[in-house]
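Please find below a short note written for a colleague who is meeting this structure for the first time. The sequence and the model come before the comments.

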Amino acid sequence: MAKLTRSIEIDAPVEKVFDYALDVGKFWTSWPEEIAARDIVLTPDGVGTSARLFGHFLAIHMEGTIEYIEVVPNESIVAKIHWFGESPMWLFTFEPTDGGMILTAEAEWDVKLPVVGKRIEGMIVKSHEKGLESLLETVKSRVEAQVAAAA
């Protein structure tokens, strides 16, 4: 298994960031790639929240699904993704700090192929690093702007 972890400090209450992440249509379209979310289902407690995701990479149409399988309000969200041949598990944690919060994203890939699986996992992690950093920056800027506008 290969893991990718990144964190960002956000100048906003943890509840605001959590609410943003709970909306799968907003959160998952915050990736730097052009990703669209359709067939969005938002559940009251977050568990079972899901969407179909669509995007393109090198002119190749890609589709997938996301489902929130565990949700602890204002603490964590576990999401299962099925996207163009990969099925990572994502964990997002929300930690309050003095005057803000820290959002941490951790993804884990397990490619069950003899001999080459570990190498492929490493390549997948490497290919997601910049995108995940951009996702976190986008979430930070959007939520901080919402908080500033409401003040």
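The numbered points below go from the whole chain to particular residues.

1. The model is a predicted one, in which local features need pLDDT of at least 70 and side-chain atom pairs count only at pLDDT 80 or more, while totals for chains, interfaces and linings use all residues. Residues are numbered from 1 along each chain as its sequence is written, and side-chain values use heavy atoms, with hydrogens and water left out.

2. The chain has three helices and seven strands, where helices (H or I, at least four residues) and strands (E, at least two) are DSSP runs numbered from the N terminus. Read from the N terminus, the order of these elements is β-α-α-β-β-β-β-β-β-α.

3. Of the 151 residues in the chain, 40% are buried, a word that here stands for under 20% relative accessible area, with exposed meaning over 50% and partly exposed the range in between (1.4 Å probe, protein chains only). The chain exposes about 8,400 Å², and carbon and sulfur atoms supply 57% of that area; the areas come from the Shrake-Rupley method with a 1.4 Å probe, and for residues only the protein chains shown count as cover.

4. Thr5 belongs to strand β1, which covers residues 2–10, and is partly exposed at 36% relative accessibility. Although Thr5 and Ala105 are 100 residues apart in sequence, their C-alpha atoms are 5.6 Å apart. Beyond its neighbours within four places in sequence, Thr5 has contacts (heavy atoms within 4.5 Å) with Thr104, Ala105 and Glu106.

5. Which residues pair with Arg6 in salt bridges? The term means a side-chain nitrogen of Lys or Arg within 4 Å of a carboxyl oxygen of Asp or Glu. One partner is Glu129, at 3.7 Å from N to O; because Glu129 lies in helix α3 (residues 117–150) and Arg6 in strand β1, this pair ties together parts that are 123 residues apart in sequence. Another is Glu133, whose closest N and O atoms with Arg6 are 2.7 Å apart; Glu133 also lies in helix α3, so this pair ties together parts 127 residues apart in sequence. Arg6 is partly exposed, with a relative accessible area of 24%.

6. A search of the whole structure finds six salt bridges. Among them is one between Glu144 and Lys140, with closest N and O atoms 2.9 Å apart; both residues lie in helix α3, four residues apart, about one turn of the helix. Lys3, Glu106 and Glu108 are linked in a network of salt bridges.
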